[in-house]
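Subject: Structure handover

Hello,

The structure you asked about follows below, and my notes come after it. Please read the notes with the model open.

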Amino acid sequence: EFPGSPDGVWCESSSADVVSPRLTFRRFKEMVVEVDRAQDDASGKNFAPPVMGFFTPWNKLGEKWADRYLCKMDYLVPTWYVVKKAPRGFVVEGAHRKGDKVVEDLQETVTNWKYGCKGKRNLVTPRVHFDPAQWKKEDYYEFWTNADTSRKHVRDVVRQLHQEAKLLDLDGFVVDWGYLDISAIRGLGSFLLSSL
């Protein structure tokens, strides 16, 4: 977290040489210096690795913080979507419909995040959360491991995400598996990611 940032706001470098075991002391010092400068100068980044800014809907200051430090980030990742069980399959909660009152506001927000920093274009890639704490054991089985229904459910979720990306002009998604056992869902997880 940046010093003084509201709870729920987290920025991380996603550069392979920064998150790998090859992290050098010099690179680490650059990251620390950037964090120290965050509150002093919001006009641009002071180091090269990409920065991803996560923020949550339950933290109302997160979007204001993202607007303020827009030029320091490369990827903006709001937590807008959760995959949940519905009476007939699974839905992407948080998805919008054309004509919803909030769509215009969100389209304006996305445009600002993409083009609001002169000389660079940010990517808006909202988080899609698979929260197993909200699923029953049967839901987990139906979505991830049932040979008869799993691919259909994944295609339905991907279709909803494609519609959302088109409606809001999103650049992609960050998929958060939560605490799911990746080895148990490897094949279907790969199918989901390759379909997005």
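**Overall layout**

Of the contacts in the protein with a separation of 6 or more, 70% are between residues 24 or more positions apart; a contact here means heavy atoms within 4.5 Å. This is a predicted model, in which local features need pLDDT of at least 70 and side-chain atom pairs count only at pLDDT 80 or more, while totals for chains, interfaces and linings use all residues. Residues are numbered from 1 along each chain as its sequence is written, and side-chain values use heavy atoms, with hydrogens and water left out.

The protein has seven helices and seven strands, and their order along the sequence is β-α-α-β-α-β-β-α-β-β-α-α-β-α. Helices (H or I, at least four residues) and strands (E, at least two) are DSSP runs, numbered from the N terminus. Of the 196 residues, 46% are buried. Buried stands for under 20% relative accessible area, exposed for over 50%, and partly exposed for the range in between (1.4 Å probe, protein chains only). The accessible surface comes to about 11300 Å², and carbon and sulfur atoms hold 53% of it. These areas come from the Shrake-Rupley method with a 1.4 Å probe; for residues, only the protein chains shown count as cover.

**Parallel strands**

Strand E2 (residues 51-55) is mostly covered, with five of its five residues buried. Val51, Gly53 and Phe55 point one way from E2, and Met52 and Phe54 point the other way. In a regular strand the side chains alternate between the two faces of the sheet.

E2 pairs with E3 in the parallel sense over four bridges; two strands count as paired if DSSP finds at least two bridges between them. Within this pairing, Gly53 has Leu76 in E3 as its bridge partner.

Strand E3 (residues 75-86) also runs parallel to E6, joined to that strand by four bridges. Here Thr79 is bridged to Arg127 in E6. E6 in turn pairs with strand E7 (residues 174-176), again in the parallel sense, over three bridges.

Which way do the residues of strand E6 (residues 127-130) point? Arg127 and His129 go one way, Val128 and Phe130 go the other way, and all are buried. That includes a charged residue, Arg127.

**Helix packing and the disulfide**

Helix H3 (residues 61-68) packs on helix H4 (residues 101-115) at an angle of about 35°, with the axes 10 Å apart. The axes are lines fitted to C-alpha atoms, for helices over the stretch in contact, and angles run from 0 to 180 degrees between N-to-C directions. Glu63, Ala66 and Asp67 are the H3 residues that meet Thr109, Asn112 and Trp113 in H4. By type, the residues of this contact are two nonpolar, two polar and two charged. Nonpolar covers Ala, Val, Leu, Ile, Met, Phe, Trp, Tyr, Cys and Pro, charged covers Asp, Glu, Lys and Arg, and the others, Gly among them, are polar.

The structure holds one disulfide, that is, a pair of cysteine sulfur atoms within 2.5 Å. Cys71 and Cys117 form this link, S to S 2.2 Å. The link is right-handed, with 125° about the S-S bond. Cys71 is buried at a relative accessible area of 14%, and Cys117 is buried at 5%.

**Individual residues**

Gln134 is in the loop between E6 and H5 and is partly exposed, with a relative accessible area of 42%. Leaving out residues up to four places away in sequence, Gln134 touches Val82 and Lys84. Gln134 and Val83 are 51 residues apart in sequence, and their C-alpha atoms are 9.4 Å apart.

Tyr140 is in helix H5 (residues 137-145) and counts as partly exposed, at 23% relative accessibility. Ten residues along the chain separate Tyr140 from Ser150, and the C-alpha distance of this pair is 9.8 Å.

Asp169 is in the loop between helix H6 (150-168) and E7. Its phi is near 60°, a positive value in a residue other than glycine. Asp169 is partly exposed, at 44% relative accessibility.

Regards
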